[in-house]
Amino acid sequence: MSKIIGITGGIASGKSTVVEQIRRAGYQVIDADQVVHDLQNKGGKLYQALIFAFGTDIVAADGQLDRAKLAQLIFSTKENQEKSAKLQNQIIREELARRREVLAAKESVFFMDIPLLYELDYQDWFDEIWLVYVDEDKQLERLMARNHYSLDEAAKRIAAQLPMSKKIGLADRVIDNNGSLTDTHTQIHHLLAEL
């Protein structure tokens, strides 16, 4: 039977850096964000559903979804966040479950990177959950720098997720990503060695 490890964190916590290291070490990782992108691509299961729900304004000139416009629209109101979640979460969950089954049939250990793991109640999918932790001030700073958000936009995105202070108490392992890249890599190396 496979050992399945969930990786989570908050927006701009550095999960991508951690996942890259895990992949380099030879492990398979299902990336929930990539699954969402696949489903939202033209012809994907979510593409038509999102246009139906939010209108054709979210379609870019090339026919693909304008992800920035879609995100802005979703985060503009609580009602839109709920509408988007209701529409997307079941389809995403089904696709993640399908991909999990495929890997479970051939890998002894693999990972799933799910940003909203706690918020969307995926805890029981995993043997262990690893949290990529960063303090909230650093998270805000990184998100503003990475996505060129205003303080208000960044704060809204962070507020839409369970606070890091709550996630830290729920995780089996914590990767503290407040320090240097070397510190983070060392922690990942130790955790992988324990497997």
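Trainee: What share of the chain's 195 residues counts as buried?
Mentor: Of the 195 residues, 41% count as buried. Buried means under 20% relative accessible area, exposed means over 50%, and partly exposed is in between, using a 1.4 Å probe and protein chains only.

Trainee: What kind of model is this, and how are things counted?
Mentor: This is a predicted model, where local features need pLDDT of at least 70, side-chain atom pairs count only at pLDDT 80 or more, and totals for chains, interfaces and linings use all residues. Residues are numbered from 1 along each chain as its sequence is written, and side-chain values use heavy atoms, with hydrogens and water left out.

Trainee: And what does the chain average in pLDDT?
Mentor: The average is 93, and 100% of the residues score at least 70. pLDDT is the predictor's confidence in each residue, from 0 to 100.

Trainee: Where is confidence lowest and where highest?
Mentor: Helix α7 (residues 151–159) is lowest with a mean of 88, and β3 is highest at 98.

Trainee: OK, on to the fold. How many helices and strands are there?
Mentor: Nine helices and five strands. Those are DSSP runs numbered from the N terminus: helices are H or I with at least four residues, strands are E with at least two. Along the sequence the pattern reads β-α-β-α-α-α-α-β-β-α-α-α-β-α.

Trainee: Why call it as compact as a globular protein of that length?
Mentor: Because the radius of gyration of the chain is 17 Å, close to the 16 Å from the globule rule for 195 residues. That radius is taken over C-alpha atoms, and the rule is 2.2 Å times the number of residues to the power 0.38.

Trainee: What about the largest nonpolar core, how many residues has it?
Mentor: It has 33, and those with the most contacts inside it are Leu96, Met112, Ile114, Tyr122 and Phe126. Two or more residues each come from α2 (32–40), α3 (45–54), α4 (67–74), α5 (78–104), β3 (109–113) and β4 (128–133). Helix α3 gives the most, with five residues. Apart from this core lies another of 14 residues, among them Val19, Ile22, Val29 and Val132. A nonpolar core here is a set of buried Ala, Val, Leu, Ile, Met, Phe, Trp, Tyr and Cys residues joined through side-chain atoms within 4.5 Å.

Trainee: Which residues is Tyr122 in contact with, leaving aside neighbours within four places in sequence?
Mentor: Asn89, Ile92, Arg93, Leu96, Ile114, Leu116 and Leu117. Contact means heavy atoms within 4.5 Å.

Trainee: New topic: is Asn177 buried or exposed?
Mentor: Asn177 counts as buried because its relative accessibility is 5%. The residue is in the loop between β5 (173–176) and α9 (181–194). A polar atom of its side chain lies 2.8 Å from the backbone oxygen of Ser13. Not counting residues up to four places away in sequence, Asn177 touches Ser13, Gly14, Val132, Tyr133, Val134, Arg142 and Thr184.

How values were computed: A polar contact is a pair of N or O atoms within 3.5 Å; within protein, one must be able to donate a hydrogen and the other to accept it, and residues adjacent in sequence count only if both atoms are side-chain atoms.
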